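Here is a short tour for anyone meeting this structure for the first time. Have a look at it before reading on.

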Amino acid sequence: MKNNLYARMQYEKVILLVGDNYKCLSNKVLNYDWNMVATTTPDSNFSIRLDNDSRIIREIESKNDMQDNLLNKKNLHLIRLLGGKEITDSLTELEIDDISSNVLDLLTRIVSVIKETGIILIENSNDTILTSKLIRNVFKSLYENQSQVYIFNYTNSDDIYIDDLIKKGIITVYKESLNSFFDEYFLDYDEENNDDEESDKKSVKLYINAEKTNQVTSISKRELLEIENFAILLNINLLKTVKIPKMFYSKYFELFLKNSAKEPQWYGYEYGFNITRSYEEELYQKTQSHLSNVGKVDNKQLLLEGQTGTGKSIALAALAVKIFNERKYPVIFINNPEINFYLEIEYKHKNLTKKWSQSFNALDRLIKSLENNGAKAVLIIWDTSSYNSGAEKCYRLYQALLARGRKIFMVSTSYENCNNITNTGESDDENNAAQETLIEKFDKCKAKIEITNELIQLRDILEQKCGMEKNEFDNIIKIYKKEKKNFLYLFYQVFRFLRKDLSNGVYKEANLSLDELEKFISTDFRIHNESNNVFRIAFKEVEDKLIKAGIINLGKEIPSEEKEKIRISKENFVKCVAVCSKFKLKMPYDFALRLLKVYDQEIIKELSKTSFFVIDDDEYGNYEISIRTPLEADMFLQAKEMSAMEQIDCIKIMLSEMKTGGEYGQCREAKLCESLIRIIGPNNRSNKYTYNSGYKEIIGQLENLRIERNIWVPILVSQEITYIREVYGRNKRTEKDKRIEWLKKAIEIADELLEKIEKEGTTIGTRNALVVEAANSKLLLCELQETTDDFYYRELKRNLLEVIKYDSQDFHAYVTFLKACRTEYANEQDDLKKIKLLEAMCLRIDEILLENTDIADSEYFQTQVTNIYAYLKNENIVENYIDELADNGSASGIYVVARKRLNDGKIDFKHELKGDSKYEICENVYDLLTNKKYKQVVVESEACQYTLLNIVWLLNNKKPMYEDGECWKTNMEEEVWRKLLNICNNYFLHFGMKQSNVYKFDRNFKYIQALCFAQLKQYDACVSALKEIEEDSSMGMKRIYVKHLICDNGITRKFNGKIINYNETDRSGKIAIEEFRRTPLYFFGPNLYTSNFKKGTIIKNLEIGLSFISPKVIKSERV
Amino acid sequence: MENKTILEITKLAKKIDANLNLFEGYNPKNIAGKKDEILFWREIVTAYGIFCDIDRVQIKENKNLFTLFVKFNLITIKEKQFVLTFYREISYFRSWFCHNNNSELYYVTRKADNIKNILNEVIKVEYEINSPEEVREKDWDKLCSYIKMKFSKYLGILKKALDGWMNKKNEGITEIDKEWYKIYSNALFNDNELKQNILAEMCKYENINWGRKADYNIGTGIKLYEGTLLEKKYSSENIITYLENGKKMTSYAIMYHVLEKLIST
């Protein structure tokens, strides 16, 4: 029995439950890699004893603190069941009752976490809280006969509560203590046989700039702890530890082929198991070239694009090994495409709670540490290729790390863009524009599918390393050639060869030739396509394993009805996993078991042995199951001749079996369903023509989820709204009334959900998506009803601006906003109102042009701008309205005229003012905006003030406010600076700093105000103005460049400074500049061209530049 | 030592039976440029490796290859005795060199006596040599020659026996093969070190498959596998069944397949 427990501990999550008697537990027990520890002891020493070099302890006292990574071994949750309280005699009965109910709450949550898979080990004690009655209460909800709870040190007799659970097969008890179980089963192998030196246990060794010296650098394992769940720092041990005896080459080659899709199999590269694809040389050359350009502006990250099955994952790992072996740059390999590196903002009761991404900070810290160890650049490789906007994630991460000043280069993967799909409809254009804008930010390398010398390489590996006879390889090739397009054919034949040779030995199967083997495999898999027997092979294997695990017993004793049920469950299970895997989505293991309708710990072990499935764990430590590659999943679906509708049926099954996972906040199943629905949905141009016949069914199922099961998962409801809008609302063949009716329904659902969210809270991203979805539906409704109700539009636009406020990168929000403006403008009949609308539109354009270059550069946005500016041309009558509008307190007329003149003169705030005519136009606009007649209204117009600021700047400095690169010089008189300062001061007087730093204009005005202060020698005011700019690291995360240098008549102003401190490792320090009095300024050592950083050293001829966070001291050249 | 002869014997053995694995993985200590005492000990260790690490089946096991040869009249009892004595002498020297040799202990004194006899018989000087510590520099050469001569003679006997076996095989006599499988499978079954290495390798593979550290809890893994083998009544019979299939394999591979099959089914 204990053997079985030990075996389960290898494959399942293990939780320790202990009371005060933890003190009796040996270090061996406490140091075990628990997935969670729960305790009734309030003793703080317990967490000290649990602490070790391989994990961080996180104390949890209430169910609300239970995080997503609840079962993470590296971030061990120590659940204090008593909520940090102590049981003393002085407690009242009510207090004890409260504590007991907290215990019950927490334990119930723990049980829900392990319900489908996982075990709890309890060291029995005479705990007054953790009574056997309570234990029964909590654990009786577990499945019977699954033995998920083990009580050690159990000597009680006649305990009716525990006896009941023993009878039900829920609890197993042992007389001996956990200590003796661990002594017996967890041998001190590491201590006795591990000949690593002590330092090796505490650190990893790698090379940094050691191309010539071979010098090894050590990095403490503690520093790697926080990144271990999602990334790996390549090191000597990792690549060299696994020694493979020759006779195991073929076995390990098979493991390499199978598991490389899951995660890099590092041993394989050392042993030459990887087949080098033709594009790898280009990938390597480009990476090298970019690595040598790290630090230069516009060093684009590299994207390896290619279809599934082109070997991108193996190529990336091979690249990592190759660069590592050159011993110059450290390499970090991120293997988790889903990892969240971004600031997460919770939205509840109109309040935002910011949660920094621990992963991002951990990664940043590690890179910094590598830089401190001398790394000139760090290569980050992120295998992201998935349908979940991988490229965008990579772009954001790269920018965010650069913003922190990290010297990195990044390579990632993405699926190829499908350019050959017919492109229709406006929503398509919007999606494409977003995608194409993004893709332009990358340098690209194409992973080609064509095979060149790969077969020769494969033959070499098989013949030379795996001992395959020449004729055997020829035989495989012969079969492969029959189905040449289908290289998986080749692959599975190889698998069979590798398996046959090793595991079957002399037994029957081994003596069969490959052809005979195909005949040997039974034909009851209902795969109709005769040519596709690859899957018969795979499925025979899967079924064998399931039978072995005792899951499917097709023996005679089972009634045929039951057999049919089992067959259906099995088919559903595999089909659903296949549909998910086709889109590179992995199914949570618990969910898969629910589809299979069986719970047995043996399944996971057995399925992991098949070539077809892979099982791995996500960053939270939960198992996930998928078919090895999306290509195999797709081929399986084809072999089964599964139509799009049948695939939709699978999604329906999943929706009906889905649990919301509210128990511990991960919503993994809902997220999976949402991803699937989104990927096949009407907004995905690659898939919408395949799956559109089933959209109505999906809508029905989603509605069912809400109405019948009362499940309101925001991400799913958001999809329902999208589907309704796109399927019914946009369907021109449907009667208008029906379309309106459906749209109203979608809006109603959205409003109801938004109301729920107000109370229950969600992430800001989800809320934003929902607002945009709702706005799109509302807009469509407006179009259909030809609404002119400005109140309605105002609310709609306000909602969208709020979204933009929270996430300045939300392209869809901008698009919808501009569309709303245009629709309203088009529907509006009143000329005066039209002009006001035009002003509002132009203001937003200015805002985007100023701050959001990603969106401003996109073709879609530029088309919209052209369209909107075209309205200006039609507004010849505007000038007539200027006064009327001004009398009514609006500067819209003035602004529109100014904008029109600027546009006519092709004056762009981003470009240098060249030519007299442009100069004249600017002066003309300046006169208009400063005309005394309009002074009052202009001062109160944000748009006018922004225009005025830029005009004054351009007229006097010629060069634009923001140029390319960094460290810009200005050349303006003191009087002009005062004028600019006045504009800024007026701006804040009238508009103030708006709530939470979000309107970009604020930051811009604040920065220019700070610059004016510096130029006018009001340095303290400059520092405090910059302090007011809260660095928006959540979304923009722009690199903190030095923008303007303080200048006098075009020459930088010089300062003297005294060094206060200097950190050799960071190569940065603080320096006191007399003019800045009490505020020491930051400097980066190499920028000062000196080697003497001793405290008190005086350095002359320094220059000061301003960034969005603070002034920085530099020296632009060696003196 | 005698690498060429050993290669010939290996080839001959394979001709007789695909699974007659002799000198498999033979990796003699480097003796190029070595002489006197260093050379002597290197030769001892190499010979010991053959009898105890590579081919325990030759002479170390109770039922061994040479008893088989005697049974089928391929060599004389005297010849077998010669090989046994040679093996023992090698063992005495190796043991003396590698261990502490506390003279209070029974087996140590017996071993010392035997070594003393050999030394005096080979070196033949006017005084009595009590232990290798007393061997003069110039006398090591005699000891080296003694070992070489005996090693050569042992290989000669082995080759003669294998030739005889081959002849019998050509005549269609197969009883000897069957008997050999029994002996060989017993030897493999008793080779605990080989078994432990293979089980460790299996644990390592499983660990890597699950993304764990290669060495994770190998000790317990071996223990559990041994439990399974006990449950499955693992015996030399399993090995015989495998050998009878006649597939050409190394001892390691044979044992791996037998153990893997038992554990995974």
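## Salt bridges along chain A

A salt bridge here is a side-chain nitrogen of Lys or Arg within 4 Å of a carboxyl oxygen of Asp or Glu. Bear in mind as you go that this is a predicted model. With that rule in hand, take A:Lys778 and A:Asp751: they form a salt bridge, with their closest N and O atoms 3.7 Å apart. The two sit in distant parts of the chain, 27 residues apart, with A:Lys778 in helix H34 (residues 764-785) of chain A and A:Asp751 in helix H33 (residues 736-760) of chain A. Are the two partners buried or exposed? A:Lys778 has a relative accessible area of 10%, so it counts as buried, while A:Asp751, at 34%, is partly exposed.

Another pair to look up is A:Glu59 and A:Arg80, whose closest N and O atoms are 2.7 Å apart in a salt bridge. This pair also links distant parts of the chain, 21 residues apart: A:Glu59 belongs to strand S3 (residues 56-60) of chain A, and A:Arg80 to strand S4 (residues 75-80) of chain A. A:Glu59 is partly exposed at 34% relative accessibility, whereas A:Arg80 is buried at 4%.

## A buried pair and a network

Next, find A:Arg8 and A:Glu12, whose side chains meet in a salt bridge at 2.8 Å, N to O. A:Arg8 has 4% relative accessibility, so it counts as buried, and A:Glu12 is buried too, at 7%. On helices in general, an α-helix has 3.6 residues a turn, so residues three or four places apart point the same way.

Salt bridges can also join up: A:Arg725, A:Glu726, A:Arg730 and A:Glu773 are linked in a network of them. How many salt bridges turn up over all chains? A search of the whole structure finds 45.

## Where the chains meet

Now for the place where chain A touches chain B. Here 38 residues of chain A are in contact with 29 residues of chain B. The area buried between the two chains is about 3,200 Å², and carbon and sulfur atoms give 57% of that.

The rule finds one salt bridge across this interface, and the partners are B:Glu260 and A:Lys251, whose side chains meet at 4.0 Å, N to O. There are also six residue pairs in polar contact across the interface of chain A and chain B. Several helices of chain A each supply at least two residues to the side that touches chain B, among them helix H1 (2-11), helix H12 (249-259) and helix H21 (487-504). H12(A) gives the most, with five residues. Sorted by class, that side of chain A has 21 nonpolar, seven polar and 10 charged residues.

H37(A) is mostly covered, with 16 of its 21 residues buried.

Over in chain B, helix H7 (residues 175-190) holds B:Ser185. B:Ser185 has a relative accessible area of 0%, so it is buried. Leaving out residues up to four places away in sequence, B:Ser185 touches B:Ser236, B:Ile239, B:Ile240 and B:Leu243.

Conventions
Residues numbered from 1 in each chain as written. Chains lettered and ligands numbered in written order. Predicted model: local features only at pLDDT ≥ 70, side-chain atom pairs only at ≥ 80, totals over all residues. Heavy atoms only, no water. Contact = heavy atoms within 4.5 Å. Buried area = accessible area lost by both parts, 1.4 Å probe. Polar contact = N/O pair within 3.5 Å; in protein donor to acceptor, adjacent residues only side chain to side chain. Helix = DSSP H or I, 4+ residues; strand = E, 2+ residues; numbered from the N terminus. Nonpolar A, V, L, I, M, F, W, Y, C, P; charged D, E, K, R; others polar. Buried < 20%, exposed > 50% of the residue type's maximum accessible area, 1.4 Å probe, protein only.
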